[in-house]
Amino acid sequence: MAVFVALGAFLMTLAGGWVAQRVTDRRHLVLGFAGGLMLGVVGLDLLPEAIDTAGDPVFGVPAGLLLFVGGFLVAHLVERVLAVSRAAHGAGEERVPQVGLTAAAAMVGHSLMDGVALGAAFQVSAGMGAAVALAVITHDFADGFNTYTITSLYGNARRKAMFMLFADAIAPILGAATTLLFTLPEEPLGCYLGFFGGALLYLAAAEILPEAHHEHPAHSTLLCTVAGVGFIWLVVGIAD
């Protein structure tokens, strides 16, 4: 099931890349809804599960919460390192193509972990798998959009941008397929979900939502975000 659902992420990633070549004025609404889905999955599904299953507290703090914060900080660190690298290489008038490829490769690695998280979530329950699938599939639209954009933005040929887009699209399928080879015990699975939740929240709060409001700070974008959270609440309620 996880691999089959990952096919949806594959298609959404390609759709994001296609839209990147034909940007419309409705992109902010899509990103706003995607941010809401991600926030809802983290706060209403992943984090409660991680707190319950990640093991005993560490110095009075649930292990799932510590890993949640750790995932947020690691995502922040990776993003800052890439930002510093981009700033250093982009100091001149011409952009360095290798920087765009490096940033796109990092997004491919992230998409691979999305697939692992998808497979791990289905190992917990079908309800959690469905909730994570919604977030991953919607998020991968933005991933595909950004992968194509950043690769081409730094002066790489369209062929290279398409190659990185396809690599980003296939990565969730490969990640989900790896979970067919093993079953994660409950405690390590809870730890992973906590870490993944922190990284997912960072992407939503630091990248997806700011991008959604950057050029169109409209009430409709905010309503789409609230709708995304409400939709996940509905999914979690039905699953329980």
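1. Start with phenylalanine 68. Leaving aside residues up to four places away in sequence, phenylalanine 68 touches Val42, Leu47, Gly194, Phe195, Gly197, Gly198 and Leu201. Keep in mind that this is a predicted model.

2. Where does phenylalanine 68 sit? It is found in helix H3, which covers residues 63–89. Is phenylalanine 68 buried or exposed? Its relative accessible area is 13%. Buried means under 20%, so phenylalanine 68 counts as buried.

3. Look again at one of its contacts, Val42. Phenylalanine 68 and valine 42 are 26 residues apart along the chain. Their C-alpha atoms are separated by 9.6 Å.

4. Now turn to threonine 151. This residue belongs to helix H5, residues 126–153. Threonine 151 has a relative accessible area of 0%, so it is buried.

5. What does threonine 151 touch, not counting residues up to four places away in sequence? The list is Gly100, Leu101, Ala104, Asn156, Lys160, Ala161 and Met164. Helix H6 spans residues 158–178. Ala161 and Met164 are among the buried residues of H6.

6. Check the length of H6. Helix H6 has 21 residues. From first C-alpha to last, H6 reaches 31 Å. That is close to the 30 Å expected at 1.5 Å a residue.

7. Next, its bend. H6 bends by about 30° at isoleucine 170. A proline, proline 172, follows within four residues. Pro172 is buried, as are Ala169, Ala171 and Ile173. Other buried residues in H6 include Leu165, Asp168, Gly175 and Ala176.

Key
Residues are numbered from 1 along each chain as its sequence is written. This is a predicted model: local features need pLDDT of at least 70, side-chain atom pairs count only at pLDDT 80 or more; totals for chains, interfaces and linings use all residues. Side-chain values use heavy atoms; hydrogens and water are left out. Helices (H or I, at least four residues) and strands (E, at least two) are DSSP runs, numbered from the N terminus. Buried means under 20% relative accessible area, exposed over 50%, partly exposed in between (1.4 Å probe, protein chains only). Contact means heavy atoms within 4.5 Å. The expected span of a helix is 1.5 Å times one less than its number of residues. The bend at a residue is the angle between axes fitted to the seven residues ending there and the seven starting there.
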